[in-house]
Amino acid sequence: MQTPSRTELPLASSSSSRCGCCSSETLTAPFAGEGVEYGVEGLTCGGCVASVQRSVSAVDGVESATVDLVPRGVSRLTITGSAEPSAVKDAVTLAGYSLTSS
């Protein structure tokens, strides 16, 4: 019997078959040109992304928060809404990371 190629293997149908930090729902990239962008240092996995997104999403005025993960680099946080930049910075810091730009 021939082993199926990587493209023929079925995708996992539930996030329970994945580790908690790499859920596909946390790796969605923002649409280009939308929102305000910030650089975030220190993110290494989907769990880091989820932590920042949850923390920033809780800020008054944030409609959405998405992160484009760049392991060992500067990840991009994009938010929509009318949140104060200082509140976004505080939320990222509370999550355990730091902004590189505002």
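A: Helices (H or I, at least four residues) and strands (E, at least two) are DSSP runs, numbered from the N terminus. By that rule the protein chain has 2 helices and 4 strands. This is a predicted model, in which local features need pLDDT of at least 70 and side-chain atom pairs count only at pLDDT 80 or more, while totals for chains, interfaces and linings use all residues. Residues are numbered from 1 along each chain as its sequence is written, and side-chain values use heavy atoms, with hydrogens and water left out.

Q: What pattern does the protein chain follow along the sequence?

A: Read along the sequence, the pattern is β-α-β-β-α-β.

Q: And what pLDDT does the protein chain average?

A: The average is 77, and 65% of the residues score at least 70, where pLDDT is the predictor's confidence in each residue, from 0 to 100. Over residues 4–33 the pLDDT is below 50, although this stretch has 21 contacts in the model beyond near neighbours in sequence; a contact means heavy atoms within 4.5 Å.

Q: Why be careful where pLDDT is low?

A: Where pLDDT is low, the predicted coordinates should not be read in detail.

Q: OK, strands next. Which strands does β1 pair with?

A: Two strands pair if DSSP finds at least two bridges between them. β1 (36–41) pairs with β3 in the antiparallel sense over 6 bridges, and 2 bridges join β1 to β4 (residues 98–99), also running antiparallel. E41 has a bridge partner in each of these strands, namely V74 in β3 and S98 in β4.

Q: How many bridges join β2 to β3?

A: There are 6 bridges between β2 and β3, which run antiparallel, and D68 stands opposite R76 in β3.

Q: What sits in the loop between β2 and β3?

A: R72 has its place there, in the loop between β2 (62–68) and β3 (74–81). The hairpin of these strands has 5 residues between them, and R72 takes a positive phi near 60°, in a residue other than glycine.

Q: Is R72 buried or exposed?

A: R72 counts as exposed because its relative accessibility is 85%; buried means under 20% relative accessible area, exposed over 50%, and partly exposed in between (1.4 Å probe, protein chains only).

Q: How much of the whole chain is buried, then?

A: Of the 102 residues of the protein chain, 29% count as buried.

Q: Which residues touch the most other members of the largest nonpolar core?

A: A nonpolar core is a set of buried Ala, Val, Leu, Ile, Met, Phe, Trp, Tyr and Cys residues joined through side-chain atoms within 4.5 Å. The largest one has 20 residues, and V52, V56, L77, I79 and V92 touch the most other members. The elements giving two or more residues to this core are β1, α1, β2, β3 and α2 (85–94), and α1 gives the most, with 4 residues.

Q: What does V56 touch?

A: Not counting residues up to four places away in sequence, V56 touches V62, A65, L77, I79, V88, A91 and V92.

Q: And where is S55?

A: S55 lies in helix α1 (residues 46–57), and S55 counts as buried because its relative accessibility is 18%. Leaving out residues up to four places away in sequence, S55 touches A91, V92, L94 and A95.
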